[in-house]
Amino acid sequence: MSQNIKISYHSEIYTLTAEQILETGINEAWDFFSSPENLEKITPSKMNFRITSGKPEKMYAGQIISYKIKIFPFSNSNWVTEITQVENLSFFIDEQRFGPYKMWHHEHRFKSENNTVRMYDKVTYKIPFGFLGRFAHFLFIRKKLESIFIFRAKLLFEKFNLK
């Protein structure tokens, strides 16, 4: 399983990038990722992720999805995102409307390459609370985000590469 995760910092904004090769066709990969129901499958169970806005349809631009997620022990957080852009079989973008981050912009890109799919994520986010937020990022937020993407990479490897 190979995944490359990097986090950089610029102008009080963090950028996480992750890249993974899936041994599947673009249609199968897109079908999986364009279904908001699968968000729960690719999120660690200890985060208690659940969609609260009803059974979601296939993703479309303008779609609002609300969910609860456990970010800290003993505390569930409401999170609302909007799918702002979708290009079938190529990319989609979700942005936080309400939630734990001051800003959250997540690009999901897919590229078909020789019977595989290169999946690329770019998450641009800002932590609230100034210096305290940056300190919290150093202490645990960074590790939490990395662990979520590592979990997801393992699950996707098992789903698509070990079939």
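This is a predicted model: local features need pLDDT of at least 70, side-chain atom pairs count only at pLDDT 80 or more; totals for chains, interfaces and linings use all residues.
Let's start at Gly 62, which sits in the loop between β3 and β4. Residues are numbered from 1 along each chain as its sequence is written, and side-chain values use heavy atoms, with hydrogens and water left out.

**Gly 62 up close**

- Gly 62 counts as partly exposed because its relative accessibility is 35%; the cut-offs are under 20% relative accessible area for buried, over 50% for exposed, and partly exposed in between (1.4 Å probe, protein chains only).
- If you skip residues up to four places away in sequence, Gly 62 touches Glu 82 and Ile 83, where contact means heavy atoms within 4.5 Å.
- Gly 62 and Thr 81 are 19 residues apart in sequence, and their C-alpha atoms are 9.7 Å apart in space.

**The whole chain**

- The protein chain has 2 helices and 8 strands.
- Read from the N terminus, the order of elements is β-β-α-β-β-β-β-β-β-α.
- A compact globule of 163 residues would have a radius of gyration near 15 Å, and the 16 Å of the protein chain agrees with that. This radius is taken over C-alpha atoms, and the globule rule is 2.2 Å times the number of residues to the power 0.38.
- The C-alpha trace spans about 45 × 35 × 30 Å along its principal axes.
- Of the 163 residues, 43% count as buried.
- Take the contacts between residues at least 6 apart in sequence: 46% of them join residues at least 24 apart.
- The accessible surface comes to about 9200 Å², and 55% of it belongs to carbon and sulfur atoms. Those areas come from the Shrake-Rupley method with a 1.4 Å probe; for residues, only the protein chains shown count as cover.
- There are 23 positive and 17 negative side chains, with the centres of the two sets 7 Å apart. Lys and Arg count as positive and Asp and Glu as negative, while His and the chain ends are not counted; each charge is placed at NZ of Lys, CZ of Arg, CG of Asp or CD of Glu.

**The largest nonpolar core**

- A nonpolar core is a set of buried Ala, Val, Leu, Ile, Met, Phe, Trp, Tyr and Cys residues joined through side-chain atoms within 4.5 Å.
- The largest one has 35 residues, and the members touching the most others are Leu 16, Leu 22, Phe 33, Tyr 101, Phe 110, Tyr 125 and Leu 156.
- At least two core residues come from each of β2 (13–22), α1 (26–33), β4 (64–72), β5 (75–87), β7 (103–113), β8 (116–126) and α2 (130–161).
- The largest share, 7 residues, comes from α2.
- Beyond its neighbours within four places in sequence, Phe 33 is in contact with Leu 22, Ile 42, Met 59, Phe 92, Phe 110, Met 119 and Leu 156.

- Thr 15 lies in strand β2, and its 9% relative accessibility is why Thr 15 counts as buried.
- Leaving aside neighbours within four places in sequence, the contacts of Thr 15 include Lys 6, Ile 7, Lys 122 and Val 123.
- From Thr 15 to Lys 122 is 107 residues in sequence, yet 6.8 Å in space, C-alpha to C-alpha.
- Thr 116 is in strand β8 and, at 17% relative accessibility, counts as buried.
- Thr 116 touches Ile 21, Leu 22, Glu 23, Thr 24 and Lys 111, not counting residues up to four places away in sequence.

**Loop residues to look at**

- Most residues other than glycine have a negative phi.
- Glu 12 is not a glycine, yet has a positive phi of about 65°. Glu 12 is in the loop between β1 (3–10) and β2 and is partly exposed at 43% relative accessibility.
- Asn 48 also has a positive phi, about 50°, without being a glycine. Its loop runs between α1 and β3 (50–51), and its relative accessible area of 40% makes Asn 48 partly exposed.
- Asn 38 lies in the loop between α1 and β3 too, but counts as buried at 10% relative accessibility.

Methods
Helices (H or I, at least four residues) and strands (E, at least two) are DSSP runs, numbered from the N terminus.
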